[in-house]
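Please keep the sequence and structure open while reading.

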Amino acid sequence: MLEPDNEGRAVSLDHLGIAVKSIAAALPLYTEGLGLEAAGEPEEVPSERVRLVMLPVGSTRLELLESTAADGPIARFIERFGEGIHHVAVAVDDLEAVAARLRGRGVRLVYDEIRVGAGGHRFIFVHPKSAGGVLLELVEARAGEANHGGG
Ligand code: ZN
């Protein structure tokens with residue numbers, strides 16, 4: 001149970017991350033097939049060794065992720081599991097507070113520190129071992145920028 005004096009809570013499903021071998025090959029299903037529109041050109045995040053494109057759908061987004069390195073995290077994921085859902089991203093209103101609370105509860109985070117990704121958005125990942133097998137990305141919601149970011 002969340003204590004009333006605790007700050008920081010989840011506010012929306014920000015996006016689902018989908019690992020694909022090739023954005024170019026995967027994209028037509030979503031654009032031509034489902035009528036979605038990419039939020040921009042594919043964008044590279046060198047620190048994560050991925051290229052990604054965001055597809056807004058309703059109040060949330062799909063994030064197609066393609067590896068830019070043979071040993072990058074997305075390449076390794078596809079090697080192990082094949083293409084598919086890679087992570088679930090939840091927006092929280094106060095990332096520092098949520099991260100501190102999770103650490104206090106002994107939840108395993110993939111990195112110790114909050115990272116900054118595409119478009120300057122801040123995020124952490126909760127390790128699947130602490131989240132029922134789901135890689136859980138927590139991104140900080142920013143007022144008036146519900147559909148901004150990536151990573
Ligand atoms: Zn993501």
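Predicted model: local features only at pLDDT ≥ 70, side-chain atom pairs only at ≥ 80, totals over all residues.

Phe81 is exposed, with a relative accessible area of 53%. Phe77 is buried, at a relative accessible area of 15%. Because Phe77 and Phe81 are four residues apart in helix 2 (residues 73-81), about one helical turn separates them.

**Aromatic pairs**
- Three aromatic pairs turn up in a search of the whole structure.
- One of them joins Phe77 and Phe81 in a tilted arrangement, with 5.0 Å centre to centre and 50 degrees between the planes.
- This pair therefore brings together a residue that is buried, Phe77, and one that is exposed, Phe81.
- Phe123 and Phe125 make an edge-to-face pair, with 5.7 Å centre to centre and 75 degrees between the planes.
- Phe123 and Phe125 are both buried.

**Aromatic cluster and a charge over a ring**
- Phe123 and Phe125 belong to one aromatic cluster together with Tyr111.
- The face of Tyr111 has Arg115 lying over it, at 3.4 Å from the ring centre.

**Largest pocket**
- The largest pocket holds about 740 Å³ of space.
- Its lining comprises 24 residues, and Pro73, Arg76, His86, Val110 and Leu135 are the closest to the pocket centre.
- Helix 2, strand 5 (84-92) and strand 7 (122-126) are the elements that each give two or more residues to this lining.
- Helix 2 supplies the largest share of the lining, six residues.
- By residue type, the lining divides into twelve nonpolar, six polar and six charged residues.

Definitions and conventions
Residues numbered from 1 in each chain as written. Heavy atoms only, no water. Phe/Tyr/Trp six-rings, centres within 6.5 Å; stacked < 30°, edge-to-face > 60°. Buried < 20%, exposed > 50% of the residue type's maximum accessible area, 1.4 Å probe, protein only. Lys NZ or Arg CZ within 6 Å of the ring centre and 35° of its normal. 1 Å grid on protein atoms, 1.4 Å probe; cavity = no way out; pocket = protein on both sides within 12 Å on 5 of 7 lines; lining within 4 Å. Points joined across faces, edges and corners; volume = space filled by probe spheres on them. Nonpolar A, V, L, I, M, F, W, Y, C, P; charged D, E, K, R; others polar.
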